[in-house]
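Biologist: Hi, could you bring up the model for me? I have a few quick things to ask.

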Amino acid sequence: MSYSTIDHLMMARALRLAQRAAFTTRPNPMVGCVIVQGEDLVGEGWHQKKGGPHAEVFALQAAGDRAKGATAYVTLEPCAHTGSTGPCADALIAAGVSRVVAAMRDPFPQVDGAGFDKLRAAGIAVESGLMEAQARELNRGFLSRIERGRPWLRVKLASSLDGRSAMASGDSKWISGEASRRDVQQWRARSGALLTGAGTVLADDPQLTVRLGDDSAFLPPLRVVLDPGLATVARGRVREGDAPTLYLHAPEAKPPRGLQADHVAVPVNKGRFDLDAVLRLLATRGINEVQVEAGATLAGAFLAAGLVDELLLYIAPVLLGERARPLFDGLHIDAMTERLRLRTVDSRSIGGDMRLLLRPEGTTA
């Protein structure tokens with residue numbers, strides 16, 4: 001398929017529009033739409049929040065009568081079913097657009113080609129695949145949940161130059177600088193869940209909340225604590241505030257009498273949580289992206305299980321020495337041929353630190 005310069009420019013704009021709702025659309029995907037008459041942009045919009053109008057509706061409202069005979073650029077296949085809103089394919093047909101260019105097909109079972117079929121049946125020219133890689137990257141969490149049955153998993157870490165995550169005592173405040181800690185809040189805000197272990201709750205007493213420090217709208221992520229014996233349900237700041245908290249525990253754990261907290265038993269194999277089962281449980285709750293903020297043991301367990309999709313690593317220009325704790329435990333790599341290969345997706349300076357976004361080789365959105 002050959003696309004014009006205008007096609008590329010308009011789809012790029014639609015993708016930028018979609019990104020504006022990174023903190024508010026979940027569990028729905030981020031979607032942007034641009035309506036173009038000739039070379040004139042006549043309407044645009046994005047899906048702003050679950051239950052609200054979809055991107056196409058906002059764009060068509062802005063375009064009005066100028067949508068007739070126009071081209072609609074949309075970052076995801078228009079829906080063909082009635083959910084919280086009516087089918088966007090029907091809205092495009094009613095508006096009289098002549099061409100729809102989509103970045104990608106929507107794998108959601110109630111759509112999955114049905115939107116394209118409906119548009120074509122109405123005589124509208126449909127093209128798909130323009131900037132698909134960028135569209136998949138944008139919605140990698142949603143696509144992971146729908147296509148793989150589990151959320152996209154990101155592990156957030158802070159380390160010294162010599163690869164240490166905490167002192168031998170467990171003290172890790174603060175390896176990274178203030179600018180990095182502010183930057184983490186943006187990543188938290190786009191996450192559906194923030195996951196940690198009971199050891200981190202007992203040692204560090206984290207809040208695991210989003211603190212943006214401005215008027216940005218966001219949905220509070222679910223706080224998830226892996227606590228086999230429910231040792232932390234009566235303590236810790238992770239229980240406080242408006243964000244919900246879920247405790248995942250071993251099947252044999254006995255919840256305290258009168259426990260009000262949300263808790264679910266998950267399988268345990270050889271004394272360790274079945275981490276794949278943990279992620280699949282979270283997917284059933286509509287979680288698209290999970291950000292792990294935990295110690296070396298849990299971070300290493302996710303990595304060893306092959307469940308890590310990306311590492312968000314903040315490297316501070318400090319040295320902690322050989323007695324400090326490593327980034328990961330339990331990898332058991334004995335030969336160079338067994339090393340885990342990562343590729344750098346993004347690298348940039350954040351204050352005085354370096355931020356790396358890394359993915360295991362072979363991992364794609």
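Modeller: Here is a short chat about some residues in this model. It is a predicted model, where local features need pLDDT of at least 70, side-chain atom pairs count only at pLDDT 80 or more, and totals for chains, interfaces and linings use all residues. Residues are numbered from 1 along each chain as its sequence is written, and side-chain values use heavy atoms, with hydrogens and water left out.

Biologist: Great! Where is D7 found?

Modeller: D7 is in helix α1, residues 5–19. Helices are DSSP runs of H or I with at least four residues, strands are runs of E with at least two, and both are numbered from the N terminus.

Biologist: And is D7 buried or exposed?

Modeller: D7 counts as buried because its relative accessibility is 4%. Buried means under 20% relative accessible area, exposed over 50%, and partly exposed in between, using a 1.4 Å probe and protein chains only.

Biologist: What does the D7 side chain make a polar contact with?

Modeller: The side chain of Y73, at 2.5 Å. A polar contact is a pair of N or O atoms within 3.5 Å; within protein, one must be able to donate a hydrogen and the other to accept it, and residues adjacent in sequence count only if both atoms are side-chain atoms.

Biologist: Switching topic: what sits over the ring of W174?

Modeller: The charged end of R181, 4.4 Å from the ring centre. R20 likewise lies over the face of W46, at 4.7 Å from the ring centre. A charge sits over a ring if NZ of Lys or CZ of Arg is within 6 Å of the ring centre and within 35 degrees of the ring normal.

Biologist: Which residues does UniProt list for "binding site"?

Modeller: The unreviewed UniProt entry lists S172, R188, L208, R211 and E293 under that name. UniProt positions are given in the numbering used here, feature names are shortened, and annotations may be inferred rather than shown by experiment.

Biologist: Nice. Is R188 buried or exposed?

Modeller: R188 is buried, because its relative accessible area is 8%. R188 lies in helix α7, residues 178–190. Not counting residues up to four places away in sequence, R188 touches several residues, including L208, R211 and E293; contact means heavy atoms within 4.5 Å.

Biologist: How about R211, where is that one found?

Modeller: R211 is in the loop between α8 (198–204) and β9 (222–226). At 43% relative accessibility, R211 counts as partly exposed.
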